[in-house]
2 protein chains.
Amino acid sequence: MPEQNGVEVCEFLCAHESVVAEVKEHMPDEDTLFELAEFYKVFGDSTRIRILTVLCRHEMCVCDLATILSMNQSAISHQLRILKQARLISARREGKQVFYSLADDHVRNILDTAIEHLAER
Amino acid sequence: MPEQNGVEVCEFLCAHESVVAEVKEHMPDEDTLFELAEFYKVFGDSTRIRILTVLCRHEMCVCDLATILSMNQSAISHQLRILKQARLISARREGKQVFYSLADDHVRNILDTAIEHLAER
DNA sequence: TAAACATATGAACAATCATTCATATGTGAA
DNA sequence: TTCACATATGAATGATTGTTCATATGTTTA
């Protein structure tokens, strides 16, 4: 196959060139799409999903999260950091403990949307 | 630290035991949460996001997708298989070509929800 | 201050995964 | 049937990532 930008591509356009051109024109920029994928990646781990599910109901300290999920504290802390960096949760220190909670209701909506979609299959 | 189910956990519950018990009670079953994470994992790759974005606008054959995304046909095919298994897209053969399109409008909603969330930061 | 507790974090390891390469399958044209 | 094209797929590889272990940081109490 011939190359284009150093990448092998088909020799010719299968569909109308106009469609390809039109789609290319309206593609969001690469950064936005990458950011979108990174955002979803955060939800794409069952430990993090379980943490979010717990926090959907109640704010929780690291220790209790570890108890509920039967995982060690370090693993939970690592995942909390990822969730916090994605601004899905926020932290509040109270003495020795740190309580985590959902950043906003948007997270609930996002989870609900997916649950709804899965239910419809 | 002491162990519970072979996993190290904190020595005592930091918050009220009643809260922990209440949350544990209402946790969706493991399978559902795992499925949810698997679902999001599909969105958590920029190649797949780009494919979905293209298909949001127009149905497309593999060859044109490869052209638009400047990737080789094999990589696209592998990702299309994952998207199809997740029932996010569907295929339609027309002669030698296979045209892919979004499975339903739910996918659009899911993408829009995330875009909206990202925009609000 | 020292000790105990709760959480955070760096390094290491195992597992997962996206891409590439080579090749197979399926379809239409000659 | 044979050839050319479009797509699919198995194996290999390099990169990413979740968990664990050890340890550091931060806070309260004695």
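Predicted model: local features only at pLDDT ≥ 70, side-chain atom pairs only at ≥ 80, totals over all residues.
Which elements each supply at least two residues of the lining of the largest cavity? Hold that thought.

Let's look at how chain B meets chain A.

The contact draws 64 residues from chain B and 64 residues from chain A. The two chains bury about 5900 Å² between them. Of that area, 71% is on carbon and sulfur atoms. Three residues of chain B stand out here: B:Tyr40, B:His106 and B:His117. Together they supply 11% of the area that chain B buries against chain A, more than any other three residues.

The rule finds 4 salt bridges across it. Take B:Arg50, which forms a salt bridge with A:Glu30. Their closest N and O atoms are 3.4 Å apart.

Which elements of chain B give two or more residues to the side that touches chain A? Two are strands, β2 (7-8) and β3 (60-61). The helices are α1 (17-26), α2 (30-43), α3 (46-57), α4 (62-69) and α6 (105-119). The largest share comes from α2(B), with 10 residues. By class, this side of chain B divides into 35 nonpolar, 14 polar and 15 charged residues.

A search of the whole structure finds 1 cavity of 30 Å³ or more. The largest cavity has a volume of about 40 Å³. The answer is α6 (105-119) of chain A and α6 of chain B: each supplies at least two residues of the lining. From chain A, the lining has A:Tyr40, A:Ile110, A:Thr113 and A:Ala114. From chain B, it has B:Tyr40, B:Ile110, B:Thr113 and B:Ala114. That lining counts 6 nonpolar and 2 polar residues, with no charged ones.

Last item, a pocket. The second largest pocket has a volume of about 210 Å³. Its lining has 14 residues. Nearest its centre lie A:Thr53, A:Cys56, A:Leu111, A:Ile115 and B:Pro28. Two or more lining residues come from each of α3 (46-57) and α6 of chain A, and α2 of chain B. How does that lining divide by class? It has 8 nonpolar, 3 polar and 3 charged residues.

That's the tour. Over to you.

Definitions and conventions
Residues numbered from 1 in each chain as written. Chains lettered and ligands numbered in written order. Heavy atoms only, no water. Contact = heavy atoms within 4.5 Å. Buried area = accessible area lost by both parts, 1.4 Å probe. Salt bridge = Lys/Arg side-chain N within 4 Å of Asp/Glu carboxyl O. Helix = DSSP H or I, 4+ residues; strand = E, 2+ residues; numbered from the N terminus. Nonpolar A, V, L, I, M, F, W, Y, C, P; charged D, E, K, R; others polar. 1 Å grid on protein atoms, 1.4 Å probe; cavity = no way out; pocket = protein on both sides within 12 Å on 5 of 7 lines; lining within 4 Å. Points joined across faces, edges and corners; volume = space filled by probe spheres on them.
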